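Reader: I am new to this structure. Could you show me how to read its features?

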Amino acid sequence: MMRQAGRYMAAYQKLAKKHPSFRERSETTDLIVEISLQPWEAFRPDGVILFSDILTPLPAFGVPFDIEDDRGPVIQSPIRSEEGLNALHPLDLGKLQFVGESLRILRKEIEGQATLLGFVGAPWTIATYIVEGGTTRTYKTIKSMCHTAPHILRAILSHLAQAISEYVIFQVESGAHCIQIFDSWGGQLPPHVWEQWSKPYIEEIVGVVRQKCPGTPLVLYINGNGGLLERMKGTGVDVIGLDWTIDMADARRRLGPGVSVQGNVDPACLFSPLPALTDEIHRVVKCAGQTGHILNLGHGVLVGTPEEAVKHFFDVTRSIRFDIPSQDREAEETRVAA
């Protein structure tokens with residue numbers, strides 16, 4: 001479940017009071033391991049996700065950042081010129097050893113019991129922070145650079161593609177079974193613009209990882225990706241993550257049998273009565289079909305989500321069987337609902 005470790009959990013809130021800095025929590029090996037394991041110990045999902053952030057590797061290639069309580073991530077020196085490009089340097093994995101150490105420990109902890117999931121941000125999405133200086137609702141600076149300074153933007157994206165490729169390989173070699181690429185803000189682009197300014201750099205990452213780590217499944221998630229599905233398939237990833245605004249059956253038809261999908265229960269459904277959540281899980285699973293589907297939310301767990309609902313999500317999912325008679329399935333569903 002995306003963002004399955006975090007602020008909705010009482011255990012996380014208790015730990016965060018002792019360690020109020022998010023960067024401390026996400027850049028200290030012992031804390032990363034503890035937080036990553038909290039939802040697995042509580043709910044036993046099939047995957048354990050490394051507790052981290054898509055911006056974590058930025059200082060390792062020359063982009064320092066802070067996280068402020070009221071503003072979120074802040075980059076004091078946005079890169080928008082050739083002079084700014086001079087700050088970028090090759091990825092220094094020595095500054096990311098806490099990631100490697102955490103993955104190695106987690107792999108030992110869960111070996112044979114769950115899948116260990118790593119993740120990275122896509123070049124376009126990371127570039128939005130580097131160019132805008134933080135979060136934005138309009139993306140007007142980086143979008144305008146597509147026309148006013150395309151050579152600068154291409155240089156940034158090319159550097160990011162290389163650094164992120166190395167970071168993916170580092171995570172896999174440290175123990176991650178699977179990697180999800182978050183192009184979180186790719187959906188803010190018109191499809192033809194995404195095709196030009198995001199897709200080639202994702203393809204570059206996929207190509208490099210396929211050469212170095214050929215057996216590693218790659219997932220691509222874009223928030224607001226209804227207009228991009230066919231283009232996402234063209235990147236060569238193994239799994240397309242669907243947000244909750246896309247009809248699952250329609251997505252399967254559009255993508256065809258050659259690619260798997262992930263998703264896409266609306267995170268807000270976890271605030272509904274549990275029987276309604278059960279119905280929604282079964283609807284999504286039925287629409288997705290019997291193969292090539294990873295059940296997940298269509299986005300991250302929302303703050304304030306009841307832990308009981310998260311547990312119910314996993315319990316219901318584990319109860320679903322395609323290979324048992326319908327009357328037995330109905331009896332099992334009744335038991336879980338009760």
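Reader: How much of residues 117-133 is helix and how much is strand, and how far apart are the end C-alpha atoms?

Author: First, a caution: this is a predicted model. Over residues 117-133, the chain is 59% helix and 29% strand. The end C-alpha atoms of that stretch are 28 Å apart. UniProt lists residues 117-133, in an unreviewed entry, as "domain: Uroporphyrinogen decarboxylase (URO-D)".

Reader: How many disulfides does the count come to?

Author: Start with the general idea. A disulfide is a covalent bond between the sulfur atoms of two cysteines. Here the count comes to 0 disulfides.

Reader: Why is cysteine 269 too far from the closest cysteine sulfur for a bond?

Author: Look at the distance. The closest cysteine sulfur to that of cysteine 269 belongs to cysteine 287, and it lies 13 Å away, so a bond is out of reach. The cut-off for a disulfide is 2.5 Å between the sulfur atoms. Cysteine 287, in turn, is in no disulfide.

Reader: Is cysteine 269 buried or exposed?

Author: Cysteine 269 is buried, because its relative accessible area is 16% and buried means under 20%. Cysteine 287 is partly exposed, at 26%.

Reader: How are two packed helices described?

Author: Packed helices are described by the angle between their axes and the distance between the axes. Take helix 13 (residues 274-288) and helix 14 (residues 307-319): they pack at about 40°, with axes 10 Å apart. That angle makes helix 13 oblique to helix 14. The crossing of helix 13 past helix 14 is right-handed.

Reader: Which residues make the contact between helix 13 and helix 14?

Author: From helix 13 come Leu274, Leu277, Thr278, Ile281 and His282. From helix 14 come Glu308, Ala309, His312, Phe313, Val316 and Thr317.

Reader: Now a single residue. Where is the place of serine 102?

Author: Find the element, then the burial, then the contacts. Serine 102 sits in helix 5 (residues 97-110). Serine 102 is buried, with a relative accessible area of 0%. Leaving aside neighbours within four places in sequence, serine 102 is in contact with Thr29, Ile32, Val33 and Leu50.

Reader: Where is the place of serine 184?

Author: Serine 184 is in the loop between strand 5 (178-182) and helix 9 (191-197). Serine 184 is buried, with a relative accessible area of 15%. Not counting residues up to four places away in sequence, serine 184 touches Thr125, Tyr221 and Asn223.

Terms used: Residues numbered from 1 in each chain as written. Predicted model: local features only at pLDDT ≥ 70, side-chain atom pairs only at ≥ 80, totals over all residues. Heavy atoms only, no water. UniProt positions renumbered as here; feature names shortened; annotations may be inferred. Helix = DSSP H or I, 4+ residues; strand = E, 2+ residues; numbered from the N terminus. Buried < 20%, exposed > 50% of the residue type's maximum accessible area, 1.4 Å probe, protein only. Contact = heavy atoms within 4.5 Å. Axes fitted to C-alpha atoms, helices over the stretch in contact; angles between N-to-C directions. Parallel < 35°, antiparallel > 145°, perpendicular 65-115°, else oblique. Left-handed = near helix turned anticlockwise from the far one by under 90°.
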